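Biologist: Please take a single part of this model and go through it closely. I would like to know what is packed around it and which side faces out.

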Amino acid sequence: MDDRRGKAPEIHPSSIVSSRARIGTGVRIGPWCSVGPDVVIGDNVELVSHVVIDGHTTLGEGVVCYPFTTVGMAPQDLKYRGEPTSCIIGARTTIRENVTIHRGTATGTGITRVGADCLIMANSHVAHDCTLGRGVIIVNNVVMGGHVTIGDDARIMGAAALHQFVRIGHAALVGGVCGVEADVIPYGSVLGNRARLVGLHWIWLRRNGVQPEEVRRMRQAFRALYPKAAHATGAVFQDRLEHVRQSYADDARVVEILDFIAAPSHRGLVRVQSGDMIESDGA
């Protein structure tokens, strides 16, 4: 990429790029691409080939779009009437083959937003008004309904399906072929045909330098919240929440989980797996 900085855009003659589109320096637009009039393409972006960028869409610096991706197309929402909603893709995000990312709706936030340094793998769909944080990885064939929110560093494994309005917390893990109908707490790990909370995302915590003592306290707090997969609703759960908040007030990650649980939700919390929790090694 360094050899492209400051250079004029390279646009293949077979591509159709509106004269009104704003194109940064060092951009490469390969064969058979289409770029609409309201598109803003940052420096050093690459559209490999057969890419369609439409609507009020912004691609941040260094974004790469692989063949047959579409970004900023009209949402699949029958209420949409062509309002000038938008789509924003953060810097250095990679969008692989056949991915579709739709712009927002006037009845939603009006913006579909993908954060910086994300990887969205082949055949995945990011629906209208979704918000993906920084460093999110979406594996092949993931689909999501509108208004989904995914926190920084979350991992969504292959062929998972996320219901509209679901929230996925910071650094959470959604297992492959998982149907997620409710919210997943930060650092939570869910598995199953209908997603069930099975523990915390210990692998992410270990790989990202969280100290063993902090991991131990997170495990203790988690077990206090969910003793032997107890219900995550009702007065008893509220008592457990208050107990954990008082006992772990100085643990930033535990407080982050508690604040996520307390925040407004359209879908409620994902259910806990019946029986004993599944917890990975090394935690």
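Modeller: I will take helix H3, whose buried residues are covered by elements that include helix H2 (212–225) and helix H4 (252–262); contact here means heavy atoms within 4.5 Å, and buried means under 20% relative accessible area with a 1.4 Å probe, protein chains only. The model is predicted, so local features need pLDDT of at least 70 and side-chain atom pairs pLDDT 80 or more, while totals for chains, interfaces and linings use all residues. Residues are numbered from 1 along each chain as its sequence is written, and side-chain values use heavy atoms, leaving out hydrogens and water.

H3 runs over residues 234–247, a DSSP run of H or I with at least four residues, numbered from the N terminus. Its 14 residues reach 20 Å from first C-alpha to last, close to the 20 Å expected at 1.5 Å a residue (1.5 Å times one less than the number of residues). Phe237, Arg240, Leu241 and Val244 are the buried residues of H3. Viewed down the axis of H3, these residues fall within an arc of 105° and so line one face of the helix; the arc is taken from the directions between helix axis and C-beta atoms.

Asn44 counts as buried because its relative accessibility is 2%.

Key:
Helix = DSSP H or I, 4+ residues; strand = E, 2+ residues; numbered from the N terminus. Buried < 20%, exposed > 50% of the residue type's maximum accessible area, 1.4 Å probe, protein only.
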